[in-house]
Amino acid sequence: MTDEVALLESRTLRDSVAQRTEALDKVKALTLLPDGTHVTTQMVATYFDVLETAIRSLVQDHREELEANGYRLATREEVNAFKARASVDRYTSQVGLFTRRTVLNVAMLLRDSIVARQVRTHLLDVEENQRPRPVDNFVHRLASLLDEHIGEILDQRVVTRTDRQVAEIAEEVCRTAVGRTVVPLLNAAVQNDGEHRSRIQALEDEVTHLRRVLREREAAGSMGALDAMNPRQFEQHIAWLCRRDGCDRVTVTGGHGDTGADIVAYTPDGRRIVVQCKSRNPGSTIASGDVQQFIGMAKLEYNADIALLVATCPFTRDALLLAARHDVTAVHRGLLEAWNNGATLQVLNSVP
């Protein structure tokens with residue numbers, strides 16, 4: 001049976017079930033726009049019980065695939081028509097449109113949604129039930145049909161014939177029957193065998209890819225993987241964690257040394273997040289001087305509402321106290337490990 005992880009990671013598998021949009025209605029009713037065809041980004045987020053930013057991020061990461069399944073931006077005329085019907089906010093200038101097929105595509109990509117998981121479960125159950133069942137032995141049935149056919153022709157021709165003539169007739173009938181039935185079937189079997197071999201090779205390549213992805217994901221969940229990253233890779237990974245937790249407009253700026261922000265992002269309610277990343281040896285520490293430099297940069301230069309100092313090593317006691325006094329969240333090695341393993345930083349979701 002196809003595994004859910006394979007469906008999440010394999011576009012080939014997603015394409016193979018992309019037409020089964022009935023899975024959406026089996027799980028939950030999908031409300032459509034008045035045109036009876038499309039839904040907006042907000043409506044998709046409502047269906048899956050996730051933040052709208054999560055859908056936008058998904059579109060950004062998989063735009064080509066989603067567009068192939070029907071996603072597009074509404075024209076100016078369509079946006080005006082939606083506004084006139086109060087289908088979208090009157091201040092909206094751009095509207096993403098999803099078809100039912102695109103919404104199903106989202107369900108096969110969206111990881112952190114109970115509704116999406118239920119849709120995937122239904123798809124996998126249907127796939128298992130529709131697998132071909134064993135059929136009768138074709139070779140035996142073909143042999144029986146040939147026996148009957150040859151017998152009928154011999155009965156018609158052997159009347160008043162000698163044994164030699166009967167043998168010649170039987171040979172002729174066999175050649176004709178084999179040429180007209182068996183040979184074409186064998187040719188078709190050879191062709192199908194080639195197609196099956198190609199399909200098997202494609203599936204083997206897909207399995208190899210999935211195994212590699214699983215190994216990479218397993219490694220990415222460990223602190224050892226974070227320790228092995230260079231500073232740029234570490235910044236990109238922290239940016240991904242911010243997006244995972246619902247942050248919007250996440251930008252990796254690549255700060256200059258210790259005087260610039262590495263990441264700038266925004267919470268769903270519009271607060272500015274400034275992040276500095278310290279990719280250091282686990283045996284080193286973040287001292288008060290590091291925190292002091294970050295405070296001046298984040299608070300004075302960037303006017304940060306939320307300041308995160310993320311490090312792969314511990315903070316000294318004085319550094320933690322200084323960070324607490326100035327509302328800086330010190331994401332030390334222990335907290336980073338929990339965040340990397342799926343926990344959410346409270347400061348990113350708290351209401352000021």
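Contact here means heavy atoms within 4.5 Å. By that rule, 61% of the contacts in the chain between residues at least 6 apart in sequence join residues at least 24 apart. This is a predicted model, in which local features need pLDDT of at least 70, side-chain atom pairs count only at pLDDT 80 or more, and totals for chains, interfaces and linings use all residues. Residues are numbered from 1 along each chain as its sequence is written, and side-chain values use heavy atoms, with hydrogens and water left out.

**Overview**

- The chain has 17 helices and 8 strands. Helices (H or I, at least four residues) and strands (E, at least two) are DSSP runs, numbered from the N terminus.
- Of the 352 residues, 38% count as buried. Buried means under 20% relative accessible area, exposed over 50%, and partly exposed in between (1.4 Å probe, protein chains only).

**The largest nonpolar core**

- A nonpolar core is a set of buried Ala, Val, Leu, Ile, Met, Phe, Trp, Tyr and Cys residues joined through side-chain atoms within 4.5 Å.
- The largest such core has 39 residues, and F48, I55, F98, V103 and V106 touch the most other members.
- Several elements each supply at least two residues of this core, among them α4 (41-48), α5 (52-61), β3 (96-98) and α8 (100-107).
- V106 is in contact with V44, F48, I55, L58, L66 and F98, leaving aside its neighbours within four places in sequence.
- In soluble globular proteins, nonpolar side chains tend to be buried together.

**Helix α4 and its aromatic pair**

- Helix α4 is mostly covered, with 6 of its 8 residues buried. Those residues are T41, M43, V44, A45, Y47 and F48.
- The whole structure holds 2 aromatic pairs. Rings of Phe, Tyr and Trp (its six-membered ring) pair if their centres lie within 6.5 Å; planes under 30 degrees apart count as stacked, over 60 as edge-to-face and the rest as tilted.
- Y47 has a relative accessible area of 3%, so it is buried. F48 is buried too, at 1%.
- Just after α4, D49 takes a positive phi of about 55 degrees.

**The open sheet**

- Three strands form an open sheet in the order β1-β3-β2, with antiparallel pairing. Two strands pair if DSSP finds at least two bridges between them.
- The edge strands β1 (39-40) and β2 (72-73) each pair on one side only.
- β2 and β3 are joined over 2 bridges in the antiparallel sense. The bridge partner of L73 is G96 in β3.

**Strands β6 and β7, and the second core**

- A second, separate core of 24 residues includes F234, I273, V275 and L308.
- β6 and β7 run parallel and are joined by 6 bridges. I273 stands opposite I306 in β7.
- 6 of the 6 residues of β7 (306-311) are buried, so this strand is largely enclosed by the rest of the structure.
- From β7, I306, L308 and V310 point one way, while A307, L309 and A311 point the other way.
- V275 lies in strand β6. Its relative accessibility is 1%, so it counts as buried.
- V275 touches I238, A261, D262, I263, F294, L308 and V310, not counting residues up to four places away in sequence.
- V275 and A304 are 29 residues apart in sequence and 9.3 Å apart in space, C-alpha to C-alpha.

- R271 sits in the loop between β5 (263-266) and β6 (272-278). R271 has a relative accessible area of 13%, so it is buried.
- The side chains of R271 and D269 make a polar contact of 3.1 Å. A polar contact is a pair of N or O atoms within 3.5 Å; within protein, one must be able to donate a hydrogen and the other to accept it, and residues adjacent in sequence count only if both atoms are side-chain atoms.

**Helix α13**

- Helix α13 (residues 231-244) has 14 residues and reaches 20 Å from its first C-alpha to its last, close to the 20 Å expected at 1.5 Å a residue. The expected span is 1.5 Å times one less than the number of residues.
- Its buried residues are F234, E235, H237, I238, A239, L241 and C242.
- N230 caps the N-terminal end of α13, with a side-chain oxygen 3.1 Å from the backbone nitrogen of R232.
- G246 follows α13 and has a positive phi, near 95 degrees.
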